[in-house]
Amino acid sequence: MKLTGAQIFFESLKAEGVEVIFGLPGGAVIDIYDEMPKHNIRHILVRHEQGATHMADGYARATGKVGVCLVTSGPGATNTVTGIATAYCDSIPIVVFTGQVPTPLIGNDAFQEADIVGITRPCTKHNYLVKDVRDLARIIREAFFLARSGRPGPILVDLPKDVIASKAEFKYPKNISMKGYKPTTEAHMGQIKRAYATIAKSKRPVIYAGGGVILSSAAKELKELGERLKCPVTTTLMGLGGFPAPHELWLGMLGMHGTFRANMAVASADMLISIGARFDDRVTGKLDEFAPSAKIIHIDIDPTSISKNVRVDIPIVGDCKDALKKLLQLVKENPLEDLEKQRQPWLDQIQKWKETYPLAYEQKNDLIKPQYVVEMLYKLCKDKNPIISTEVGQNQMWAAQYYHYSEPRTLLTSGGLGTMGYGMPAAIGAQAGFPERLVIDIAGDGSIQMCIQELTTAVENNLPVKVAILNNQYLGMVRQWQQLFYERQYCATCLKMAPDFVKLAEAYGAVGLRATKPNEVEKVILEAIATPRPVLMDFVVNPEECVYPMVPAGAATTQMILV
Amino acid sequence: MRHTLGVLVENQPGVLSRVAGLFSGRGFNIESLTVAQTLDPLVSHITLVTTGDETIMEQIVKQLNKLVNVIKVIDFREVKFVDREMALIKVKAEAHTRAEVLRIVDIFRGKVVDVSPNFLTVEVTGDEGKIQAILDLLAQLGIVEVVRTGRVAIARSKKNNKKK
Ligand SMILES: Cc1ncc(C[n+]2csc(CCOP(=O)(O)OP(=O)(O)O)c2C)c(N)n1
Ligand SMILES: [Mg+2]
């Protein structure tokens, strides 16, 4: 029996185990929407397509499954670009289905036509224009496979209206043959042996882990490796949660707003074991002075990440989990001798750094400090094992510094692209994946306004996310740069003209709460987490607070501004 | 340094723009690029000439390999290869220079492919040095237009030279 393209679409999604689609209809995809009620698949209607992509992304980061979006052609498709680029930079598996004008009209500047395949070519892992309904099932199969395998990433599938309407025999392909796609997942044993021989000789090793550890579910192996080598561990923003923050070997995050001890440890290390991280400029600072005396081992599934920015002594291409398992096996078979004694001077040195410059702020009793809000969130919520998302700016950095992540997939943040507006839709996506868990977006007053419309989506779909706005009445991170490097000329960063967030929440059908004094913070948080509905918390905080430490852009990471 | 790469790609729409987009998006150079179908109609071969130091070349090769439609990258830094380029040269050939033009073309084993009272169009094939040499000579007689294919390259087959 022949099925229409729309039917094939749903049968294929079912075969992939898709539970939820984030989307918004239009003329080009109306046939798919018409078919939708016949299928048992949840659709969450967004209010802007950017929201749909961030929701799919947040869902993917929190659950580890592939997130799915469905939008119309033209403006619907172009609205997804920021979300796709966000997922691309952080290697998040999502599949975005866009409508397209009928094939005979493609290229004719038809109504609501956009060359979305051309537009998204550089920000997708791969993309497709389906020209024949007989290719549809295979392409969907490939799209999901590509999204989640190798180095994961977003895939876009463009669906012309006539293709959706025409019919073909449906058989979901079991096997995939793509001549040009064979990611190396198995780490080379020879390289692992070389790596361990070098590690064995080192006196001051540091493990520097990134998002790859979370994507490959290698947190358990990472912890074991750290412990067996007695090796201190730092992670990037993307790696937070990949190593338990309360651990004695934990250094905190490294890089531009990393801890003093993490940056000093990397700068003094004689061995850097990089696992699923890519030596981003926010991590390395000035390249020549990054880990200058360290031999570098780099484990990564993507060969292009290796020796791109920093010369690597021992490259290991493969899945982090596979590589770590093999390395652990070696460590177990040939444990290092006299490890305690060997390592003690190094661990003592790190302890000294920790005591000299711990992360610190002072909460007096007038204005609320944003760091205090984050600390209170941690204190009051940690037992509930919540998922935290963030917006971008100071709020994101305080969420990284003052909230402590013990498990992978508990922090959702736009690391690579730094997309303001990401946090709330991502929280909604995560909540769709985990209806029972506490999901909190730590937000800024600027960022939250970039996708605020999705509050309706949360209310309508009973996704009771909590948003904690650190309301400093500024585009705070930009203002901080102006304060420190541009002689306090606060050009275009003041957000005094702002909506009343409490009333705004209420207008959207959510709950609005506000704290203006330190002693109100706890009460607001407790009330929010006790409310089974979406809540917007407006924390009016000290406007001119800065994120420290800070490494000025382009400086060596030891050149931290500490106050 | 200039380097030649062979890239086998799936013969699909958009593949060329993926390759070209990779170079423009990452700031790599393309000096020349030629594409055509291979024996297998589902596969095309691109010969690409690019410049870059060791690190850049490593990135280019890795990035090309990462494209889903790229089946294989042949790095001609690692294999012996033969390369050729073809040029079509429209040159002035009036009564008093015609013989000279023909003599040069003959020396370079070129072919005249179009004739008119005042111009000859010649076809020459060779490596870059040879093409440059004939262009230099003909330039003195007056070249009107040149169209070059850019380099195509193929790996040399293994020669079994071991004496029995
Ligand atoms: C979409 C987008 N536009 C602009 C920027 C540049 N930018 C980075 S941080 C920031 C300020 C964010 O302000 P807010 O959300 O209030 O956060 P704060 O830093 O005050 O905590 C801006 C404008 C960005 N990251 N993303
Ligand atoms: Mg702000």
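The paragraphs below go through chain A, then one of its helices and some of its loops, and then chain B.

This is a predicted model, in which local features need pLDDT of at least 70 and side-chain atom pairs count only at pLDDT 80 or more, while totals for chains, interfaces and linings use all residues. Residues are numbered from 1 along each chain as its sequence is written, chains are lettered from A in the order in which they are written, and side-chain values use heavy atoms, with hydrogens and water left out.

Chain A contains 22 helices and 20 strands. Helices (H or I, at least four residues) and strands (E, at least two) are DSSP runs, numbered from the N terminus. Along the principal axes, the C-alpha atoms of chain A fill a box of roughly 70 × 60 × 40 Å. The radius of gyration is taken over C-alpha atoms, and the globule rule is 2.2 Å times the number of residues to the power 0.38. For 563 residues a compact globule would have a value near 24 Å, and chain A, at 24 Å, agrees.

Of the 563 residues in chain A, 60% are buried. Buried means under 20% relative accessible area, exposed over 50%, and partly exposed in between (1.4 Å probe, protein chains only). A contact means heavy atoms within 4.5 Å. Among the contacts in chain A with a separation of 6 or more, 76% are between residues 24 or more positions apart. The accessible surface of chain A is about 21,800 Å², and 52% of that belongs to carbon and sulfur atoms. Accessible areas come from the Shrake-Rupley method with a 1.4 Å probe; for residues, only the protein chains shown count as cover.

Helix α15 of chain A covers residues 339-356. The expected span of a helix is 1.5 Å times one less than its number of residues. The 18 residues of α15(A) should therefore span 26 Å, and the end C-alpha atoms are 26 Å apart, which agrees. The helix also has a kink of about 35 degrees, centred on A:P345. The bend at a residue is the angle between axes fitted to the seven residues ending there and the seven starting there. Buried residues in α15(A) include A:R343, A:W346 and A:W353. Their cover includes β9 (205-209), α11 (219-229), β11 (250-253) and α12 (260-268) of chain A.

A:S217, in the loop between α10 (211-215) and α11 of chain A, has a positive phi of about 55 degrees although it is not a glycine. A:S217 counts as partly exposed because its relative accessibility is 45%. A:A492 is not a glycine either, and has a positive phi of about 60 degrees. With 66% relative accessibility, A:A492 counts as exposed. The peptide bond from A:Y548 to A:P549 is cis, with omega near -5 degrees, and A:P549 is in the segment after β20 (535-540) of chain A.

Chain B has 4 helices and 9 strands. A compact globule of 164 residues would have a radius of gyration near 15 Å, but chain B has 19 Å. Of these 164 residues, 41% count as buried.

Within chain B, strands β2 (residues 32-37) and β3 (residues 43-51) pair in the antiparallel sense over 6 bridges. Two strands pair if DSSP finds at least two bridges between them. The two strands form a hairpin with 5 residues between them, and B:S32 has B:V49 in β3(B) as its bridge partner.
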